[in-house]
Amino acid sequence: MGVLRVGLCPALTQEMIQLLRGIGIKTVVDLVSADLEEVSRKCSLSYKALVAVRRVLLVQFSSFPFNGADLYEELKTSTAILATGIASLDKLLDSGLYTGEVTEITGPPASGKTQVCLCTAASVAYSLGQSVLYIDSTGGLTASRLLQLLQARTEDEEEQKVFRVLPGDPKPCFQGLVGLSLPLLIGAGALQRIHVVRVFDIFQMLDAFQDLRGSISQQATNASGPVKIVVVDSVSAVVSPLLGGQHSEGLALMMQLARELKTLARELGIAVLVTNHVTRERESGKLRPALGRSWSFVPSTRVFLEAREGPGAPAGCRVASLTKSPRQPTGIQEVMEIGSCGTPEQNSSLEGSKS
Amino acid sequence: MQRDLGSYPLAPGVRVKLVSAGFQTAEELLELKPSELSREVGISKEEALETLQVIRRECPVDMSKYASVSISGKNCTALELLEQEHTQGYIITFCSALDNIMGGGIPLTKTTEICGAPGVGKTQLCMQLAVDVQIPECFGGVAGEAIFLDTEGSFMVDRVVDLATACVQHLHLIAGSHSEGEYQKALENFSLESILSHIYYFRCHNYTELLAQVHLLPDFLLEHSKVQLIVVDGIAFPFRHDFDDLSLRTRLLNGLAQQLISMANNHKLAVIWTNQMTTKIEKNQSLLVPALGESWGHAATIRLILHWDQKQRLATLHKSPSQKEATVLFDITAQGFRDVVPSPLSPPVEPSANPRKRSREAREEE
């Protein structure tokens, strides 16, 4: 709802707008909430015309209530669950990342957040064959690690004679790849489905989301299909330079970003995975996710990763705990191995892998 | 474009006035001329012009642009990134064990943090890297220049002279053993004078100077396009004392980290900074942890912790996006940063046996 303009409805003419502005009604909200009898008296406009304009504006700008049953039906058909590729994490998330929702991974440095993001991107691009938009703000994305994860996956599936070059896949650019093994070539197809954008401040990140919306609304033929998951690593790297201090612009920008993420997830039917840092509470010394209480309402699911303490703990072993979830009880924990995320050695030790 | 005005980088005063005048999305502003906008909202003509420029730049009026470009120009697929990474070099440290655990050396386009107790060798490593970044490509280096931002005043030119001389001698030995002429040709430009003249040194006395210098670096990098390494020796020192407002410190540090990683990415160079250690007391025991707090731990992409184990120096790769956690021994000799058991190194770096094992056997022999 914004300023009253000529194009908003046919009966709204320029002179009507000028008359209304003369008595202080500038925006749609002002007109809709004003007492129309008084307005028609003050500007000498016909009451019927004003009522007609108001009706049209209300129809244009108001949202309609949904029947709960219809909403349920819609969600059943439009929600997809994307497996992250790490069986224990999928168990924690109730079989994976849900589209239409924002999921957050948080943890101290070197706890494996970037590895989880890479593993998810690899799994979605390879096993599910969908496009991934990876927004990197920390420089943690290394394509060779992605390739490693994909190769581990392809070697496993080669044994089961399953090839994942999907129809409609663009031919991978073979210039640098001649003479490589079959798993590497298949992995190359998946790598082309992962789109990487490097942003280092919040305005660049908002621009990237705008571009995503633009490309999807224009239905630009992105050869590998529509984006199904957006991975943002990390969101606190771009937001924390703005928070604190006396002015609240940083908070406003953070909430802009939050709103953008949630509406992207809901409107475009994609899953959003973000990573967040931790800070230490001053009094108790415990670790808690950064960006404060306002951000804690943004993701619908939160997972906390940390390294296993103790002398006998193997390197690469991490404990994931569920701290917020709309579906599972909080506090449940799973152990995961970040060195070989989701490959058969790990899957065989846990029952019921779903990918 | 239905994009909210709050997501544009406008001045706060202007944004407040726009919102109070009833404008909420960019679409509404696109149709106005600057004079109309300034009259309606109550801002000056220059501000109105600037605002419209910002908004028009972000959302192109010509919608058909989207048909050809799927996502913005900075977008690339992971496959293209992989090809870029294959051709990217590493800056070697002359300690082959350390280079191995890091996947070849200090990587370009990433930020690396080196933490350690006083005297363990952080500044030595920084000076060694400022020399090593200049090694010609045929010897396995990146043939770049270095920028050194010094906040502690621990940069000793005489020591750099020692390191550079040892490096030049080492490369001459290698060139001597190969008969191809290209090695000799490359070494003609690689002398003590050229090494020293390609290290750009800046001394920053407090955090304001450091922030200002980092702010001015992009312009410097445009003039000196061969720079491949930025070293900040002592990023912790100016921020650790005299800071009452801790939230300001966090904000400044995070902003600094983002500026550095954005420079590393845009100009394809490596950024290194050194951090101090502080004591954390928990559960009746004290630990040495890197300084500047928990939130600073997330700033660097790669974290290397140097520490002592009785008389030996160890380096632990604590955080890396693509390498496993590992610890190796290293030594600092008169020639600089080296492996523990001095052995003639020759590029390409050959996979060495675990130096730890060797030193243990050496000790058992004694």
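Visitor: Which residue is the bridge partner of V196(A) in β1(B)?
Guide: Keep in mind that this is a predicted model. Strand β5 of chain A, residues 194-198, is joined to β1(B) by two bridges, and these strands run antiparallel. Within β1(B), the residue that partners V196(A) is C76(B).

Visitor: How many residues does each chain bring to the contact, and what area is buried between chain B and chain A?
Guide: Chain A supplies 66 residues to the contact and chain B supplies 54. Of the area buried between them, carbon and sulfur atoms give 56%. The total buried between chain B and chain A comes to about 5400 Å².

Visitor: Which element gives the most to the side of chain B that touches chain A?
Guide: Across this interface there are 14 residue pairs in polar contact, with both residues at pLDDT 80 or more. Elements giving two or more residues to chain B's side include α1 (12-20), α6 (78-87) and β12 (312-319) of chain B. By class, that side has 17 nonpolar, 21 polar and 16 charged residues. With eight residues, the element that gives the most is α14(B).

Visitor: Which are the edge strands of the open sheet in chain B?
Guide: This open sheet has nine strands with mixed pairing, in the order β6-β5-β7-β8-β4-β11-β12-β13-β14 of chain B. From one strand to the next, the twist averages 25 degrees. Strands that pair on one side only are the edges, and here they are β6 (199-203) and β14 (336-338) of chain B.

Visitor: Do β4 and β11 of chain B run parallel or antiparallel?
Guide: Strand β4 covers residues 111-116 of chain B, and β11 covers residues 302-309 of chain B. E113(B) stands opposite R303(B) in β11(B). Five bridges join the two strands, and their direction is parallel.

Visitor: What angle does the direction of α14(B) make with that of β8(B)?
Guide: Helix α12 (residues 207-223) of chain B lies across β5, β6 and β7 of chain B, running at about 165 degrees to β5(B). Helix α14(B) also packs on the sheet, touching β4, β7 and β8 of chain B. Its angle with β8(B) is about 150 degrees.

Technical notes
Residues are numbered from 1 along each chain as its sequence is written. Chains are lettered from A and ligands numbered from 1 in the order in which they are written. This is a predicted model: local features need pLDDT of at least 70, side-chain atom pairs count only at pLDDT 80 or more; totals for chains, interfaces and linings use all residues. Side-chain values use heavy atoms; hydrogens and water are left out. Contact means heavy atoms within 4.5 Å. Buried area is the accessible area (1.4 Å probe) that two parts lose on being put together, summed over both. A polar contact is a pair of N or O atoms within 3.5 Å; within protein, one must be able to donate a hydrogen and the other to accept it, and residues adjacent in sequence count only if both atoms are side-chain atoms. Helices (H or I, at least four residues) and strands (E, at least two) are DSSP runs, numbered from the N terminus. Ala, Val, Leu, Ile, Met, Phe, Trp, Tyr, Cys and Pro count as nonpolar, Asp, Glu, Lys and Arg as charged, and the others, Gly among them, as polar. Two strands pair if DSSP finds at least two bridges between them. Axes are lines fitted to C-alpha atoms, for helices over the stretch in contact, and angles run from 0 to 180 degrees between N-to-C directions.
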